[in-house]
Amino acid sequence: MLDGRPIPFEDGQTIMDAALAAGTYIPHLCHHPGYRPQGSCKLCTVDIGGRRGAACTNRAFENAGVKSETEELNADRHSLVQMLFVEGNHFCPSCEKSGNCPLQAVAYHLGMRDPHFPHFFPAHDVDASHADVLLDRNRCILCELCVRASRDADGKDVFAIGGRGIRARLIINASSGRLADTALAVADHAVDVCPTGALLPKRRGFATPIGRRVFDLKPISMVTPGPETEHD
Amino acid sequence: MTTEFPVSVPLSAIIAAHGNDAANLLQMLHDVQDSCRGIPSHAIDELARLLGVPRTRVESVSTFYHFFRPGRRAAYEFLFSDNIVDRHLGKQEIKRYLCERLWVEPGKLSEDGLVFVDDTSDIGLGDQGPAALVNGFALPALEKSRVDLIVELVRGQRPLDQWPGMLFEVADNIRRADALLASPFTPGAALAASAAHGADALLSEIERSNLRGRGGAGYTTATKWASCRRARGGAHYVVCNADEGEPGTFKDRVLLASRADLVFEGMTLCARVIGAREGFLYLRGEYRHLLAPLAQVLERRRSQGLLGQRIFGIEGFDFDIHIHRGAGAYICGEESALIESLEGKPGKPRNRPPFPDTRGYRDQPTVVNNVETFACAALVASRGGKWFAELGTPQSAGTKLLSVSGDCKRPGIYEYPYGVSVRQVLADCGAIDPLAVQISGPSGTCVSWKEFDRRIAFEDLPTAGAFMVFSRHRDMFEVARNFTHFFANESCGFCTPCRVGTSLLRNTMDKLAAGKGSAYDMQEMRRIMHILRTMSHCGLGHTAANPVVQTMEQFPDAYERHLRVLDFEPAFDLDAALQAARLITGREDAWAHIQE
């Protein structure tokens, strides 16, 4: 049962998998169907019989009373998204991902109107060394989707997380630390799966105009999950 | 003095010494760092190549732990223990004195590459602070005359092994001994007592004792052992959690320094019960000074037939213990993060379930227990479960070691049967005009003078052992602020609420300390606390707000003193922000300032 509605599930399926398969949206950023669940963004936190847990890492079970669309949970998710915005440097109006960006779309879904918390304004590097892919760490939310995609889908192990705490950052598998010196290709799943504008294909600017992009047409809760967000 | 690295690092030898196994990456990085004063970038390349792992695997480890730092290190690296208790003992002053005498700035490598002075989280010497580490070795009880001596040694560039031994003498300070510390113990006695009866009888004895974990959570030891024993796996492992990182705790340091046989014997008994052949002592990096003595105890136990093949002549009872050095990360005290670290990875807590008793080290059934729990288990085996269960209270059997520090005349280790009142401990340690006691460290409970009749027991005040006393002239706001810095420094960064929330909380406390706080900020902190408690991945995040919540409730005056106005005060100072523009234009007139 999710929010009072019965949801079918298979043995071993997570609450997130079962919900998505049944067409029910639970806000999330670090989860993507097909990749090993991570449970770090905590947006998909739900109430499982009085205890809180991430929907993407907790298994569905018989007669589980799961609550997701509650005022309290959505308020807390709202705070989490605000935290993601203030710990990085996100300027939607100038970002090519705008409109195709799950981070932005989740923020809209949760009704975020301002960042609320004081900005950290961290100093981050932009890695423009690669011929076809831009890495802008200002927009990275440390969801590790590119880490998992590069390792498990692309078989390349290009990315990892280095450092600790608020100084954690995306690191690159090369002595130089630069993307140019890795095997990353623009068609890699790792590039496509990024839920923000941190990893972007170069030389593709506004092929689809603002206003006609994925989340301009439908809110994120209505976009069918599964295939990676389409790029133009 | 050169800041260049030696061209070649003996990497092949280091890797071979650690079994060519990437799970021993932390140990390899320690050796690299010890052999060439730092971790050169080319050594990371080579380690990755030789181990056949991505370079990022090595880099993620070398950048996660506080005691690994990229680049060339100073010949003498001083890290001061920055717990509030050390501060109350004059840590800031003695650090400034050392910096002044050596002409260095804190946090900056001296130009000749000789000295580096900085802070680190509590190093477990609260009973003899202020204290620091020099190249990883503990320097307790620092005062000016000792610093003068150290300065001469540094100037003369004397290697550490030529420094006078008295500088490194760490006292046990056992002030009150009870069942655990006062019982005479002969190595092998517990094994001998249980050898004849077999593993089942041993487990029943542990069950009869009602022994519960001493790390704070209080899980029943027999249940954990039995569950691990039942779990199927290719191998079973015993892990002793000696990552005693909770500020204000140091009882494991004393147990390992003076009762190591009890601890190792407890681990060996556990191995017998669960059928393990391999065990690990996860020794926190700060206890580097205990490494050699502990290795000697293990060697002796091997020669006594208490470790190794056919222990006590029992066929199939083969077990040995390895010491795994941590590298400065409080989060590794969390058992699943500790296991990640044992496997040579950054110490980030796993998703649970599964719990370690079924899937732990190398995904095999693993028992992780605190140092004191294993010592108690050995005591139970040698003196009987019934005897043990009669000590303490019905729900909290046995005794508890308390690490007492702060404003008292006799800081040190106090062992009491469970159920002792806070007031009793305060009287015994000679507390000076006590206002509050922080039980079980920053993640624990702040007990004010109104509640001194509360008792140390799982059913009232559970504790991992810290007992920090604060007298009436201490500012409890500053105590809480120190703790928020601790959590922000120690968050592993895995989950959003803790990574961002601990920093937001620290920044807000700093804003208050700078006199820019308002009632709005108090509300904001409550909001952040709620997110930390309810959304975080592990106990670090869940408890990170405790010190602020509890001191706000109990000592509102301490906060109100720091509030400038009661509604809103921006952290941003417009006039200060114009300073750069004033410097560029060379203006200092009244019109170049924003008037309030």
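This is a predicted model: local features need pLDDT of at least 70, side-chain atom pairs count only at pLDDT 80 or more; totals for chains, interfaces and linings use all residues.

Next I looked up burial, and 53% of the 596 residues of chain B count as buried.

Then I turned to overall form. I counted 26 helices and 18 strands in chain B. Its radius of gyration is 25 Å, close to the 25 Å from the globule rule for 596 residues, so chain B is as compact as a globular protein of that length. Along the principal axes, the C-alpha atoms of chain B fill a box of roughly 90 × 65 × 45 Å.

I picked out one sheet to follow. It is an open sheet of 6 strands in chain B, ordered β7-β13-β12-β16-β14-β15, and the pairing is mixed. At the edges I found β7 (174-176) and β15 (445-448) of chain B, each pairing on one side only. On average, neighbouring strands of this sheet are turned by 30° against each other, direction ignored.

β7(B) pairs with β13 (residues 412-417) of chain B in the parallel sense, over 2 bridges. I noted B:Y414 in β13(B) as the bridge partner of B:R176.

Last, I checked where the chains touch. I found 32 residues of chain B in contact with 29 residues of chain A. The largest share of chain B's side, 8 residues, comes from α20(B). Sorted by class, that side has 12 nonpolar, 14 polar and 6 charged residues.

Terms used
Residues are numbered from 1 along each chain as its sequence is written. Chains are lettered from A and ligands numbered from 1 in the order in which they are written. Two strands pair if DSSP finds at least two bridges between them. Helices (H or I, at least four residues) and strands (E, at least two) are DSSP runs, numbered from the N terminus. Axes are lines fitted to C-alpha atoms, for helices over the stretch in contact, and angles run from 0 to 180 degrees between N-to-C directions. Two residues are in contact if their C-beta atoms, placed from the backbone, lie within 7 Å. Ala, Val, Leu, Ile, Met, Phe, Trp, Tyr, Cys and Pro count as nonpolar, Asp, Glu, Lys and Arg as charged, and the others, Gly among them, as polar. The radius of gyration is taken over C-alpha atoms; the globule rule is 2.2 Å times the number of residues to the power 0.38. A residue is buried if 20 or more other C-beta atoms lie within 10 Å of its own, exposed if 12 or fewer, and partly exposed in between; C-beta atoms are placed from the backbone.
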